[in-house]
Amino acid sequence: MSKYKLTFTVTIEDLDDPAARQQAKGIAKAISNVVEGAEAKLQRVYTDKPPRGIPIG
């Protein structure tokens with residue numbers, strides 16, 4: 001059997017990191033209620049360097 005990974009992007013714009021984390025936690029919780037074992041990671045997006053990721057949970 002083959003494994004597949006479904007990914008999607010949700011853009012969050014907020015004033016600071018704690019506020020963005022709060023929104024991300026709410027989205028992650030809603031997804032985990034529907035999809036068992038779902039994982040989420042919040043990434044801060046920069047214009048001049050790669051995103052930096054933080055696990056949500």
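At 79% relative accessibility, Glu 39 counts as exposed (exposed means over 50% relative accessible area, buried under 20%, and partly exposed in between, with a 1.4 Å probe and protein chains only). The residue belongs to the loop between α1 and β1 (40-44), where helices (H or I, at least four residues) and strands (E, at least two) are DSSP runs numbered from the N terminus. Between the C-alpha atoms of Glu 39 and Lys 49, which are ten residues apart along the chain, the separation is 24 Å.

The model is a predicted one, in which local features need pLDDT of at least 70 and side-chain atom pairs count only at pLDDT 80 or more, while totals for chains, interfaces and linings use all residues. Residues are numbered from 1 along each chain as its sequence is written, and side-chain values use heavy atoms, with hydrogens and water left out.

The protein chain contains one helix and two strands, and from the N terminus on its elements follow the order α-β-β. Along the principal axes, the C-alpha trace of the protein chain spans about 40 × 25 × 15 Å. The radius of gyration of the protein chain is 13 Å, whereas a compact globule of 57 residues would have a value near 10 Å (the radius is taken over C-alpha atoms, and the globule rule is 2.2 Å times the number of residues to the power 0.38). Of the 57 residues, 11% count as buried. Among contacts with a separation of 6 or more in the protein chain, 19% are accounted for by residues 24 or more positions apart; contact here means heavy atoms within 4.5 Å.

The protein chain exposes about 5600 Å², of which carbon and sulfur atoms supply 52%; accessible areas come from the Shrake-Rupley method with a 1.4 Å probe, and for residues only the protein chains shown count as cover. The mean positions of the 9 positive and 7 negative charges lie 6 Å apart. In this count Lys and Arg are positive and Asp and Glu negative, with His and the chain ends not counted, and the place of a charge is taken as NZ of Lys, CZ of Arg, CG of Asp or CD of Glu.

One salt bridge is present in the structure, the term denoting a side-chain nitrogen of Lys or Arg within 4 Å of a carboxyl oxygen of Asp or Glu. Asp 17 forms this salt bridge with Arg 21, and the closest N and O atoms are 2.8 Å apart. Both residues lie in helix α1 (residues 17-34), with a spacing of four residues, about one turn of the helix. Asp 17 is partly exposed because its relative accessible area is 37%, and Arg 21 also counts as partly exposed, at 28% relative accessibility.

Helix α1 also holds Ala 30, which counts as partly exposed at 44% relative accessibility. Ala 30 and Asp 14 are 16 residues apart along the chain, and their C-alpha atoms are separated by 19 Å.

In strand β1 lies Arg 44, which counts as exposed because its relative accessibility is 52%. Residues up to four places away in sequence not being counted, Arg 44 touches Pro 51 and Arg 52. Arg 44 and Asp 16 are 28 residues apart in sequence, and the distance in space from C-alpha to C-alpha is 11 Å.
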